[in-house]
Amino acid sequence: MSFDVQKIRNDFPILSREVNGYPLVYLDNAATSQKPKQVIDCIVDYYSNYNANIHRGVHTLSQEATDAYEASRKKIQTHFNAKEAYEMIFTAGTTHGINLVANGFSEILKKDDEIIVSAMEHHSNIVPWQMLCEKTGAILRVIPMNEEGVLIMEEYEKLLSKKTKLVFVNHISNALGTINPIDEIIAKAHEVGAAVLVDGAQSCSHIKPDLQKLDVDFFVTSAHKMCGPTGVGILYMKEEWGNKLPPYQGGGEMIAEVTFEKTTYAGLPHKFEAGTPNICGGIAFGAAIDYLNDIGFEAIEKHENELLKYATEKLLEIEGMKIYGTGPDKTSVVSFNIEGIHPYDIGTIVDKLGIAVRTGHHCAQPIMDFYKIPGTVRASFAFYNTLEEVDALVNAVKKAKMMLS
Amino acid sequence: MTIEAIQEELIEEFSMFDDWMQRYEYMIELGKSLPLIDETLKNEDKLIKGCQSKVWLNSEMKDGKIIFTADSDAIITKGIIAVLVRVFSDQKPQAILDANTDFIDEIGLKEHLSPTRANGLVSMIKQMKMYALAYQTQVKN
């Protein structure tokens, strides 16, 4: 299928709206993606035609809903090339998945064990591990990064030892767009017997990870960054870890047998899916994955790289422009500042011109501290963005600069 | 001048502009005339929480009136706090507590009133009223 960005844009109702009297230019895709009508229709269809609770009822609606939910799980498994569908656990999103794993490790870690995280993590990837370390007496180590916003792998190797029990790293930095060498990170961790959890929240809308090939132990992501609904995500865990980790929450769905003396837990994935899940969200996540695959990840990557290259070139023409995250492996995120101007001021002006960008520390304060800046302006592109929209951004930034300096 | 009179004055000044860009430029100008907080007071205590940019606000009591000084590292935010300082500074605590803030809508800054806005206009007003309440309580005691 040839890539026709105008045709793709027609799938997204929101892209035709106006903001402050200007056509919306949505460049905050790293925060959340917009939804195509295929996904919206799927949600409407679920609630209109077969809404029911799953895994319990024998009635037709419940069967239909259960089938659709499990078919979606299967679809997600195939997409990420996991070995088994039951290794894909539905969560409320990436943060939920991380907390679930952190909770499991609180039973495994002992005093002086070590956890390694990267210097470019989102707050949701730092706080659960700090809490875990406080609870268990384990120690948190940090892989440093260089000026380009790239992890220093030699330092990572030095941190690894027999004490390392878990390595946690994001696939792509939300604040910088850097793609981390996760295959190498995983292989090195396994050499010392440590498990690896990869946060794919930022990567899965751009690239298609092959979980078996990566040999990763845990992988988390959110549907809403991939054209799916909010409030649903996936936690992949290798079967052996699924059997090893204790359940996270107690409730319905996660049990095999309950008496007041003892409860036996259900097997994977239900052991980690207590209570009624986000049924509609899970089903619509599958629809989103179908949608992305119909366009094709190769075509998506090619188009987004074009946007990134063009935006970087054009923005750098503006005097005083500084881009953060300049490594060779990058996704379509441009995080920048203009010398002498607060990112918040730029964000306010460009918003008035109908352009949605993110300003601030992007929930990654350690990165901002590293560069000694209060924050950045971040434009993050998706496959439905156009070169004309990049022009609109660049013009808006120029206008903001004129007003603000 | 009373708070209401200053608000009227601001509404009139802002009504001269046709579009948001001119209004923002004017607000940025107003930011330049903001009575600045003493550099030595720019510490954690004077920072207003809930702003994406930094806003420092100080208050002093002089002849029964509150004098505000402030600063921000972002210039639009500095303009916003300048508008507020112009309205609320050199006023009695009770007058500040009684004042409504409908004028913000009328000068075309309504979008900044949303509590989700990161610039913290709402937090700034709240902080000014808190100071007023604190001084008011002192006066009564």
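A crossing of two helices is left-handed if the near helix is turned anticlockwise from the far one by less than a right angle, and right-handed if clockwise. By that rule, H11(A) and H14(A) cross in a right-handed way. The model is predicted: local features need pLDDT of at least 70, side-chain atom pairs count only at pLDDT 80 or more, and totals for chains, interfaces and linings use all residues. Residues are numbered from 1 along each chain as its sequence is written, while chains are lettered from A and ligands numbered from 1 in the order in which they are written.

**Helix pair**
- Helix H11 (residues 297-316) of chain A packs against H14(A) at about 25 degrees, with axes 10 Å apart (axes are lines fitted to C-alpha atoms, for helices over the stretch in contact; angles run from 0 to 180 degrees between N-to-C directions).
- H11(A) and H14(A) are therefore roughly parallel (angles under 35 degrees).
- Leu307(A) and Tyr310(A) are among the H11(A) residues that meet H14(A), whose residues there include Leu387(A) and Val390(A) (contact: C-beta atoms, placed from the backbone, within 7 Å).

**Sheet**
- Four strands of chain A form an open, antiparallel sheet in the order E13-E14-E17-E16 (strands are DSSP runs of E, at least two residues; helices are runs of H or I, at least four; both are numbered from the N terminus).
- E13 (321-324) and E16 of chain A stand at the edges, each with a single partner strand, so one side of each lacks a neighbour in the sheet (pairing needs at least two DSSP bridges).
- Three bridges join E16(A) to E17(A).

**Chain contact**
- Eleven residues of chain A and twelve residues of chain B make the contact.
- H12(A) gives the largest share of chain A's side, four residues.

Technical notes: Two residues are in contact if their C-beta atoms, placed from the backbone, lie within 7 Å. Angles under 35 degrees count as roughly parallel, over 145 as roughly antiparallel, 65 to 115 as roughly perpendicular and the rest as oblique.
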